[in-house]
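Please open the model in a viewer and keep the selection panel at hand.

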Amino acid sequence: MNVKQFLRRIIAWTVGVSVRVKIMGIAVGLLLLFGVGVVIQVQRVTRATLTRELDERAVSIARDMAARAADLVLLEDFISLRDLVLDILTSNKDVRYIFVLDGRGNVLAHTFGHFLPPDLQPANSGDQYPGGFRIQRLASEEGLLRDVAVPIFGGRAGVVRVGMSQERLGRILSETTKRLLLLIAAVSLVGVIAAYLPARILTKPLLELKNVAEGLGRGDFRARARIRFGDEIGQLTTSFNAMADSLEAFRRDVTQRNEELATLNLVAATVSQSLELQKVLEDALDKVLEIMRLSHGEILLFDAESGSIVPRIYRGISSQFALEIQAFSVGEGIPGLVAQLEQPVLIEDDLADDPRLLRRSLVAREGLRSMVSVPLRSKNRVVGVLDLFSSNVLSLTPEQLRLLVAIGDQIGVAVENARLLEELKAKEQMRLHLLEKVITAQEDERKRVARELHDETGQSLTSLIVSLKALESMTNLPELREKAAELRALGGAILRDVHDLAFQLRPSVLDHLGMVAAIQRLVEDYTQKVGLRIDLQVFGFEGRRLPPATETALYRLVQEALTNVAKHAGAKNVSVILKNGGTSVQAVVEDDGKGFNVAEVMGYAAKDKKLGLFGMEERAALVGGKLTIESTPGKGTTVFVEVPLEP
Ligand SMILES: Nc1ncnc2c1ncn2[C@@H]1O[C@H](COP(=O)(O)OP(=O)(O)OP(=O)(O)O)[C@@H](O)[C@H]1O
Ligand SMILES: [Mg+2]
């Protein structure tokens, strides 16, 4: 970690500590700064004062010494001079040494044991004495010394040198500093304690705000911070509380919306489970009662034919009550009003006293106190009404009522869908019925025409041929005989055509001998006329007949399949299989022709008015069977039909 990183970390830590610590830190820091300033200043002033004082004392001692030494020097009384020197040394604590020099620099007396240290004399030498003395600072083993030189008789008689120790000065200074530092430490401690209180007062609301904010983060939307003062923190708290208020309201809103959506989903999921109207109604009513925690309810549907609203299902209401429920005209009674105004009606209490109520005695007897009635709508059209009753007071919030209306709309749509599906089913039933009628009529008509052709026209033609034969034998005229023979041949050809036509229309063998025989004849016919090689295989019939409708349908299916092969396939081989499995009968017509795209043709065919394949499908469906066509272009076609048989 380099210095930069270390500093960065320190700054991050400093910034990261709590506000309370910051405030106290600032207070202590300022106190310390102030204290250090004071110490430095006091030291400076004290040192200057003490130094000056020391210098003054040194000068005065040296001067005193010089005055007292002057006579002794002149008298050359060196013994007394030495006594004087030692006397002054012992009576002045700070004086470290004294020595006296004569005018030429010779030592006359000194306070050292044997001799004067050699470098001491030149350390403060010279002729100049500004102000009557000269001071020199000297370094020694025991610290700094102040060496003062004072001349005797202007220097002519000599010089007195006094060395003063600064040790005491240093001691005093360090003592003072120590005390000051102690004082500062004590003041700092008091400062910390003193700062703690305002810091606490200042930070307490902040701390509380922080706790509330954390609570909000955790999802506790009820906690609020106390507003203590009208200062900035107070204002911040006010704003914060307002924010928490709106957050709480927002969350309540969202939760409620979610619940509503969940309920709607539930209803939607329930009503979409079935497409049968009765089941839709039952499921819807049960679910709504469950959601609303109610037990009494009914659903009424609008009946377009009578123009009234008719009760369809009810829950929790006794059958006696139910029996008395009649249809309501639009605008009549509470359901009638709801349907007319397309608005919900909520009667929270005293239902029996409501002037709109029609089933008053029954409501009283059933002990119902309240009700809510909502329209069931689909595409902005009322399709019915949902009534919920309670034997207690029923207070719904506007949101609950709105939800109920939304549920009503959902049920409305489900009801409408179920109804449409029922209508569609009925129409399909009708269509099949009509188709059956048309096909039956067509078959009957074909049968009649075929019989007429066969019996009437055929008989007439036969007798005509017989007459011509007779005519032929009656005459000897060769021309006439020839003409008669010609006409007979023509009559024979017409008779064959008529028989063919009758067969194509409807072979009598179908009615007399059955489908298998008719199909055998059909196959023979196609083999002869179209030149196809047809392989017919029959299983499980053994003279058994099928219901006439099934026989006709299968015969026509095979007929159309073979016609298609002849018309479109360009096939060489065809296989026809008839199989009676007991529970169902199957017919398969398979060719090895060019094949076709079934999906495409079945999509286009209707437009093209090609009805063959569709006709096959319809015929199969009419007898409860199913047609499957499989074809791959280039690989042939398989027509497969299976019709179930009644046991
Ligand atoms: N076995 C087959 N092989 C090849 N193509 C076929 C076969 N059967 C049907 N198709 C194709 O399917 C089309 C539709 O057949 P569909 O029987 O519906 O009509 P169609 O035979 O053309 O006319 P319609 O039967 O109404 O007289 C035919 O035009 C033909 O192209
Ligand atoms: Mg066809």
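**Around the ligand**

Select helix 14 to begin: six residues, the largest share of the shell around ligand 1, come from this helix. Helices (H or I, at least four residues) are DSSP runs numbered from the N terminus. The model is predicted: local features need pLDDT of at least 70, side-chain atom pairs count only at pLDDT 80 or more, and totals for chains, interfaces and linings use all residues. Residues are numbered from 1 along each chain as its sequence is written, chains are lettered from A and ligands numbered from 1 in the order in which they are written, and side-chain values use heavy atoms, with hydrogens and water left out.

Next, display helix 14 (548-569) together with helix 16 (612-622); each supplies at least two residues of the shell.

Now show the whole shell. Ligand 1 is surrounded by 15 residues, each with a heavy atom within 4 Å of the ligand. Glu560, Asn564, His568, Asp591 and Leu613 are the closest.

Then turn to the polar contacts (pairs of N or O atoms within 3.5 Å). Select His568: a side-chain N or O atom lies 2.7 Å from an oxygen atom of ligand 1. At Asn564, the corresponding side-chain distance to a ligand oxygen is 2.8 Å. At Leu613, a polar backbone atom is 2.9 Å from an oxygen atom of ligand 1. Taken alone, ligand 1 exposes 590 Å², of which the protein buries 82% (Shrake-Rupley method, 1.4 Å probe).

Finally, move to the end of helix 14, where glycine 570 follows with a positive phi near 65°.

Technical notes: Polar contact = N/O pair within 3.5 Å; in protein donor to acceptor, adjacent residues only side chain to side chain.
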